[in-house]
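Here is a short report for a reader who is new to this structure. It starts with a term, then turns to the chain itself.

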Amino acid sequence: VKPALADRANATCPASQKNVKGNGRSLKPWRDYSSCDFQKKDLSGLDLTGSSFKNMNLRGTNFTGARLQHANFTNATLHFSKFQNANLSRAIFQNAEFFGSNLEQAIACQAVLEDATILGSFLYRIDLEGANLTNIKVYNSFLARANLGNSKLTQSVFQNSVVHEIRWKNARLSQIRLNATRGIPTWLVDQLSVDGVLSESVVAP
């Protein structure tokens, strides 16, 4: 059930973007929204392709089912944000910070999450095929059945997280660290014994 129209978006923006309010229909793709206030706003299902959210505080923002291909979230704060079933293909989350966020079944193929931090978040079945996850730090998060095929995971860190039944095919895993993490396949354990760090983790049966 969608919320009342008056409860959707309602952002306060500069004069050039003053019409960003109401039910969100005035929000257009390929726009710079970096000076707007979208905290705890409902932007679910909107087409925000190519838009910029750089350096924004998006605490509690609901992007469920939104189209966010090529969007830029560099340095954004995304605590308690919702991205379930959103299309994040080729989106940029460089140095972004997720906390308590929900990215269940989001499509983030070829997205850039370099230097991002993900803490206490739910990433069940997220599709990160071909994504750049260099130096990403994932703590206390749930990634079961995620797709990390062909992704770049160089110097990434997974700690106290669940990685059960992840698709790792052709992922670049140089210097990856898995600490107190559950669901690691045996072949990955063998690889990490040569190039990586594996400590206090549980190998999948």
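A cavity is a set of points on a 1 Å grid over the protein atoms alone where a 1.4 Å probe fits but cannot get out, and lining residues have an atom within 4 Å of a point. Grid points are joined across faces, edges and corners, and a volume is the space filled by probe spheres set on the points.

This is a predicted model, in which local features need pLDDT of at least 70, side-chain atom pairs count only at pLDDT 80 or more, and totals for chains, interfaces and linings use all residues. Residues are numbered from 1 along each chain as its sequence is written, and side-chain values use heavy atoms, with hydrogens and water left out.

**Cavities**

The whole structure holds 2 cavities of 30 Å³ or more.

The lining of the largest cavity includes Leu133, Ile136, Val138, Leu143, Leu148 and Phe158. Among the residues that line the second largest cavity are Leu88, Phe93, Phe98, Leu103 and Ala108. Leu113, Ile118, Leu123 and Leu128 line both cavities.

**Overall build**

Helices (H or I, at least four residues) and strands (E, at least two) are DSSP runs, numbered from the N terminus. The protein has 1 helix and 9 strands. Their order along the sequence is β-β-β-β-β-β-β-α-β-β.

Buried means under 20% relative accessible area, exposed over 50%, and partly exposed in between (1.4 Å probe, protein chains only). Of the 205 residues, 47% are buried. The protein exposes about 9500 Å², and carbon and sulfur atoms supply 46% of that area. These areas come from the Shrake-Rupley method with a 1.4 Å probe; for residues, only the protein chains shown count as cover.

A contact means heavy atoms within 4.5 Å. Take the contacts with a separation of 6 or more: residues 24 or more positions apart account for 4% of them.

**Confidence**

The predictor's confidence in each residue is the pLDDT, from 0 to 100. Its mean over the protein is 85, and 80% of the residues reach 70 or more. Over residues 1-12 the pLDDT is below 50, and this stretch has 32 contacts in the model beyond near neighbours in sequence. Over residues 14-23 the pLDDT is also below 50, with 24 contacts beyond near neighbours in sequence.

Start with Lys40. Its phi is near 60°, a positive value in a residue other than glycine. Lys40 lies in the segment before strand 1 (77-79). Is Lys40 buried or exposed? Lys40 is exposed, with a relative accessible area of 65%.

Gln175 also has a phi near 60°, again positive in a residue other than glycine. Gln175 sits in the loop between strand 5 (157-159) and strand 6 (177-179). Its relative accessibility is 41%, so Gln175 counts as partly exposed.

Phe142 belongs to the loop between strand 4 (137-139) and strand 5. Its relative accessibility is 30%, so Phe142 counts as partly exposed too. Which residues does Phe142 touch, not counting those up to four places away in sequence? They are Ser121, Phe122, Leu123, Tyr124 and Val162. The C-alpha atoms of Phe142 and Asn160 are separated by 9.2 Å, and the two residues are 18 residues apart along the chain.

Notes
On a 1 Å grid over the protein atoms alone, a cavity is a set of points where a 1.4 Å probe fits but cannot get out, and a pocket is an open set with protein on both sides within 12 Å along at least five of seven lines; lining residues have an atom within 4 Å of a point.
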